[in-house]
Every structure is written in C-alpha cells, then in structure tokens.
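Trainee: Please walk me through this model feature by feature. For each one, give me the general idea and then the case at hand.

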Amino acid sequence: MNKSTNTIKILPDFIANQIAAGEVVQRPESVVKELVENSLDAGADSIAVIVKGAGKQLIHIYDNGQGMTKDDLTLSCKRHATSKIFSQDDLENIRTFGFRGEALASISSIANLEIRTRTENEQTGWRLVTEPMKEDIIEPCNTDKGTQLFVRNLFYNVPARRKFLKTDLTEFRYISDTMLKFALLNHRIRFTFYDDDVLIFDVHPDSIEKRISDILGEKTAGSLMAVFIEGEGIEISGFVGQPHLAKQSRTGQYLYLNGRSIQSKSLSYAVFSAYEHLLEKNANPFFIININVDPHTVDVNVHPQKHEVKFDDERYVYKLINSAVTETLRQNNLVPEIRIKEMESLSPIETMKSGTDSAEFIMVNKVTGEVINHSNPTISSSNSQDFRKPGFQHGEYKHYDRGNYQQNIYKPSESKSYENLFTDSNKTAFRFDSVTPVVDKAELSEHIEKPESMFWQLHNKYIFTQTVNGLMMIDQHAAHERVLYERAIKAMNKELAYTQNLLFPITTKITTSEISIIKELIDELLNLGYILTIKEPDSIELQGVPLDVKNGLELTSLQEIIENYIENQKLKHTNKRDSLAASYSCKAAIKSGDSLSKEEMKMLLKDLYKCNNPFSCPHGRPVIIQVRLDEFDKRFGRIG
Ligand code: ADP
Ligand code: MG
C-alpha cells in the first residue's frame, strides 16, 4: 500500500445527513413525532396534522407557533442547527423536546421538504424548498403566522428503507398512536388530525378529563381515579383506571416524562403491582401518568427514538409511583385483603431439591412439612403420569382406540414429545402418581346422557363427575374455550353459520388504532359473526355478533378480542384466523368463578366431547383429567 495516499475523508453533508436520518427517522411516524414536537417547542396552541398514504406520500403539519425568521429558516435544515440550546448549562436544563438540531436535517435528506413560516412581527413569510442533492430555494411567500411543513415522498431515495416499512394500515396505526399520545396529555392545545380527507379527530382546549373523554371515550374517562404525589425534584400526576378498565394488552398505558411519551417496564410494573389481586391474571391496568422532573436535579437518560428511559435513581421513582397508586386505590376502597392463607391451601405441595447439590427432588407439603414423595426428575418426566402432560397432542386422539390407549400412552418415547410443551412440569404443585390424563370420548358421552349421573362444581371452577372407572375433573373455562375455539374456526372456514343479529344495532366510539385493526381483520370478523360497519372517523356500528356471545357483552367481547389479538400478534402468532379464534374463545367462554347449573354443566360436557380435540384448550393446557378408581384404592392402601 502506498503510504503517502491519504484515505480518510470527511463525508459530504448530504451523506452524513442520510446516515443520521437512519437514526432519527425509522418510519413515517418518526417524522410526525419530530414535527409535532417542534410545533410544541415553538409554543403553538393549535396543531394540525394531515397524512396521505400512511405518511409516505405526504405529511403536512400546520402550527400557529412562533414561526421562523428568514435567517432561522435558512439554517433550520442544517445539521446541528438548533435554537434550543446554546451552552453546556442549557444542555443540563432541557425543557424542550428537541435540542439536537437533527430532525429537519435528517428529514430533508430523505424526502422533499417544504417549509412555510412567518413570525408575528413580520408582514410576509418565507418559503424554503429543499430536495436532496439540489440547491435550496428560499423565497418570500404569503402564509399565516406559524409554521407549515410538507414532507413529500418520504424515503424515495432510500429504497431499502421504503421496503422495510410495513403495510399502510400498520404504518398509519403507528402514526395515529403517536397522535393520540400527544393529544391525550396536551389538553390545552388544539389537535386536528386527518387521514387524507377523513377527519380522525379535532379536539379543542379543555380540561384533561374532557380531553381523555374526547379521545378515549366517556366510558374510560368515567372510570378514572386521580393520582398525585410530590417528591424531591419530581412530581407525579395523572389517572389510573378502575380494575374493569384493565386490558390484556398494554394499549391502555400512557406514561410520560415531562410531557414526552416514554416506555418503562419497571415503572409500568410499579403501577401494576399496586393493583395486586385486583386484576385478573395477565391483565394490565389502565393509566395515564406524567412524571414531571426538574432536569437539574433528576438525571434521566432517554433515547430520543426508543422511548425507553432510565432514571438515575429508578427505585425512588418506582416507589413514588407505587405508593401514589396504592394510595389512590386505598382512597377508592379498592385495596384487597391479603389472601396468603387461601393461596397456601390451594397449593400446599411443592417440589424442591432434596440437597444443595443433589439431583434428587422431593415433594413437600408446605403446610405440614410432610415429605410426600421422592422422585428423580429425569426419570419421573418420562415415567410418572404427570397430569400436566396431556396424553395427547393436538388432534392425536384418533390414533388411539379404546383398547390400546393405555399401553401406548406412557411409553417413554411418547412422553418425550410433550417435553417442550410443558417445560416447567417439575414446578407443578400437585403431582400425584395416580392422576392420569387418559380419557375416552365414547365413555364420556355415554356417561353424560345417563340421568343418574352426578355433576359437581368445585369452587365454581372445576366440574367433577363420576365415570365408569373413576373420577373425571374438567376445567370449565378451558373446556368452554375449546368448544368455542372449534366453533370459531368452523365459522371462519364458512362451515358454520354462526351469527345472531342484534335487535338494536349498537354504535360506539373507538380509537383510531382500533379502527385500523378492525379494517385489517374485517373479513375474519365477519366470518366469525361480528357484523359491523365502520363509521369514519371514529365509530363502529355493530349489527350482529357470534351466537355464543352473551347478552350485554356484545361490544366488550369485540373490544377484548381486538386487544387480545394485538397482544397475540406481539407474541408472533402470525396466523390471523387461529389467533382470532383463540382470542374469541378465551373472551366469550364462561370464566372460572361462574356458577353453573347441572343442565349447563351437562351441556358444556356434551359440546366438549363433540370437539376434535377435547383434551387441551387452545393454549395447550389440559381440559380433562381423570383419576382412576384403582388409583384411589392405591392411595388409601386398599391395594398394593
Ligand atoms: P431541534 O428541534 O432539535 O432544535 P430540528 O431539526 O427539529 O432540531 O429543528 C431545527 C430548528 O428549526 C429548531 O431548533 C427551531 O428553531 C426550528 N423549527 C423547527 N420546527 C419549527 C416550528 N414548527 N416552528 C418554529 N421553529 C421551528
Ligand atoms: Mg426537533
């Protein structure tokens, strides 16, 4: 190599900006976020956003803020050009959203950008047109006080980025989520939001309560409890929802830091844990919480795009939020009794290692201290008849006929295939050798029809019934889930007419992101039995629901399915139909805790045995467990 040739060069501005743009602008939503933040920084109290083609075609923002002078306008799209900080001290005391001076420079390197702006003191405004690789044009123009930006053909010169974008619906959903978050907290500012020609919302300055109601609906706004606490250099304020507002997904959780929407698993957990015992499993409480910190005293590190935030003293903030929410719940008489006793009696038996370094496991009754059984997990996982491992995998039942299922089912090689399904089986609290998951469909149906058959409900949760050779236990929720799941799949395959028309159609307001999901799922929802019309911009009319949806739950069932669907999608359940059927069945099924009459139990079991796979619920948990009579005999020492 010829050492006299220098190879290091400073990148041309245009390339440097494009590289930086990769950081700042991932998708159209990032542009909307940056531009609305600029408008807020400019002191606007009215901001309009119009997007076309999910923001790829056009993003137009219109504010009545302070505007820019000609000189400022000329500089605004240069890198590191900012009016917001001048010194080191400013950097430590940031009150504005922006300060890096990167957004406009980045955007102008990957789109055609036009800015029109006028300050209060000037008669005429100025217009700047930038296009990558071209000279900027700057000229006088007539425009209102404030600033308008037009971002056209985003990513047109970065095809790789463009390809990486999701469908228009999804991209639009990102934008509308961001708009919703801005509008929700900034209640003194008018926000107008259009998708093409369709008005999504136009909310006027009012109280925060009114704003929440305008955006999220009266039902949500009417179920909120105020939260407030002050700490050192920090103030926490906002609302938490009554338990019934809790959702399966985290879509009802709005966390802000000095007005900026952020995400923090740990702080969300601070709210969640205050609700302990008040919520169903996997439910996430609703909240809108703003953390106001003095930038001088509290050190936070927030990545401008990722929304993840790290406090210097995170535990302090955690405790503050947790105690503020606990106090609110207490004042609203929502603090639950502590139910440790009850929980213990529900699962008294625990598997634990018998010595620190031994592979031996023992089962101990935590209440009495009694050692119940010794077992080596490596052996027991293939030999013992752990009830958490259903005898059949999805759809496999038909391979076993009555005569030979017992020989087949417990072959070690057979059990191996269940390993992945129930990896935590060693942790199971109850583990009786005598419990077998083997059930016979024919036997089940025969038994149900007999008039003398007994059905008994345990804690409104499990159904017990005697069978020819023992006792059968059924998880009522899981059983109904299975029944509804198979019906839903059939309905979506158009093998079953499964809708009931509503006598009185229900119209309701829903959020824009819910609308876009409904659009995405509309065909499947229709086949499933939800007959609905979207009434742009923010309502739907429901005219029919699936047959098994109970009276009064028409709307909530749909809303819960949608939430559940979002959550499932996050877990990468990509098959729409299955995911929807699973959500529907989980939401429409009878719950554990519902009391059932004998007839209802019978009906449920009848429906269950008609299923292709009655033995596990759509999530893979067992539905039926059978304990054979001879296993009882063994337990009671009647046989050896
Ligand atoms: P930053 O917000 O980090 O300063 P930007 O690239 O977003 O950087 O904006 C550069 C500058 O352009 C801002 O500092 C501000 O002076 C000016 N500016 C941008 N948008 C507006 C607006 N809507 N109204 C007034 N000035 C604006
Ligand atoms: Mg900015």
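Mentor: Start with one residue. Alanine 582 counts as buried because its relative accessibility is 13%, under the 20% cut-off. The model is predicted, so treat that value as computed from predicted coordinates.

Trainee: Where is alanine 582 placed, and which residues does alanine 582 touch?

Mentor: Alanine 582 sits in helix α20, residues 576-588. Leaving out residues up to four places away in sequence, alanine 582 touches Tyr485 and Pro618.

Trainee: How far should I trust the coordinates?

Mentor: Where pLDDT is low, predicted coordinates should not be read in detail. Here the chain averages a pLDDT of 78, and 78% of the residues score at least 70. Residues 335-351 form one of them, with 35 contacts in the model beyond near neighbours in sequence. Residues 353-360 are also below 50, and that stretch has twelve such contacts.

Trainee: What is the overall make-up of the chain?

Mentor: The secondary structure comes to 22 helices and 26 strands. Of the 640 residues, 49% are buried. Among contacts with a separation of 6 or more, 68% join residues 24 or more positions apart.

Trainee: How do I read a nonpolar core?

Mentor: In soluble globular proteins, nonpolar side chains tend to be buried together. In this chain the largest nonpolar core has 58 residues, and Val36 and Phe191 have the most contacts inside it. Helix α7 gives the largest share of this core, eight residues. Apart from it lies another core of 33 residues, among them Ala488, Met492, Tyr584 and Ala589.

Trainee: Which residues is phenylalanine 191 in contact with?

Mentor: Set aside the neighbours within four places in sequence. Then the contacts of phenylalanine 191 include Val36, Leu40, Ile47, Met179, Phe182 and Phe201. Asn186, Asp202 and Arg211 are also among them.

Trainee: And aromatic pairs?

Mentor: A pair of aromatic rings is described by the distance of the centres and the angle of the planes. The count here is six aromatic pairs. One is phenylalanine 172 with phenylalanine 193, stacked at 5.8 Å centre to centre with 15° between the planes. Phenylalanine 172 lies in helix α7 (residues 168-185) and phenylalanine 193 in strand β7 (residues 190-195), so the pair ties together parts 21 residues apart in sequence. Both residues are buried. With Phe201, they form one aromatic cluster.

Trainee: What lies over the face of tyrosine 174?

Mentor: Arginine 27 does, at 4.1 Å from the ring centre.

Trainee: How do I judge whether a helix is enclosed?

Mentor: In helix α5 (residues 103-110), eight of the eight residues are buried, so the helix is largely enclosed by the rest of the structure. The buried residues of α5 pack against helices α1 (13-24), α2 (28-41) and α3 (70-76). They also pack against strands β3 (112-118), β4 (125-130) and β6.

Trainee: What about the span and cover of helix α11?

Mentor: Helix α11, residues 314-331, has 18 residues and reaches 26 Å from first C-alpha to last, close to the 26 Å expected. Its buried residues include Val317, Leu320, Ile321, Val325 and Leu329. What covers the buried residues of α11 includes β9 (224-231), β10 (234-241), α10 (265-274), β13 (287-293) and β15 (309-311).

Trainee: Is threonine 143 buried or exposed?

Mentor: Buried, at 14% relative accessibility. Threonine 143 lies in the loop between β5 (137-141) and β6 (146-152). Its contacts, not counting residues up to four places away, are Arg116, Thr117, Arg118, Gly125 and Gln148.

Trainee: Which backbone features should I check?

Mentor: Most residues other than glycine have a negative phi, and most peptide bonds are trans. Aspartate 196 has a positive phi of about 60°. It lies in the loop between β7 and β8 (198-203) and is partly exposed, with a relative accessible area of 36%. Histidine 459 has a positive phi of about 50°. This histidine 459 lies in the loop between β20 (455-458) and β21 (462-467), and counts as exposed at 69% relative accessibility. The peptide bond from glutamate 536 to proline 537 is cis. Proline 537 is in the loop between β24 (531-535) and β25 (539-546).

Technical notes. Residues are numbered from 1 along each chain as its sequence is written. Chains are lettered from A and ligands numbered from 1 in the order in which they are written. This is a predicted model: local features need pLDDT of at least 70, side-chain atom pairs count only at pLDDT 80 or more; totals for chains, interfaces and linings use all residues. Side-chain values use heavy atoms; hydrogens and water are left out. Rings of Phe, Tyr and Trp (its six-membered ring) pair if their centres lie within 6.5 Å; planes under 30 degrees apart count as stacked, over 60 as edge-to-face and the rest as tilted. Helices (H or I, at least four residues) and strands (E, at least two) are DSSP runs, numbered from the N terminus. Buried means under 20% relative accessible area, exposed over 50%, partly exposed in between (1.4 Å probe, protein chains only). A charge sits over a ring if NZ of Lys or CZ of Arg is within 6 Å of the ring centre and within 35 degrees of the ring normal. pLDDT is the predictor's confidence in each residue, from 0 to 100. Contact means heavy atoms within 4.5 Å. The expected span of a helix is 1.5 Å times one less than its number of residues. A nonpolar core is a set of buried Ala, Val, Leu, Ile, Met, Phe, Trp, Tyr and Cys residues joined through side-chain atoms within 4.5 Å.
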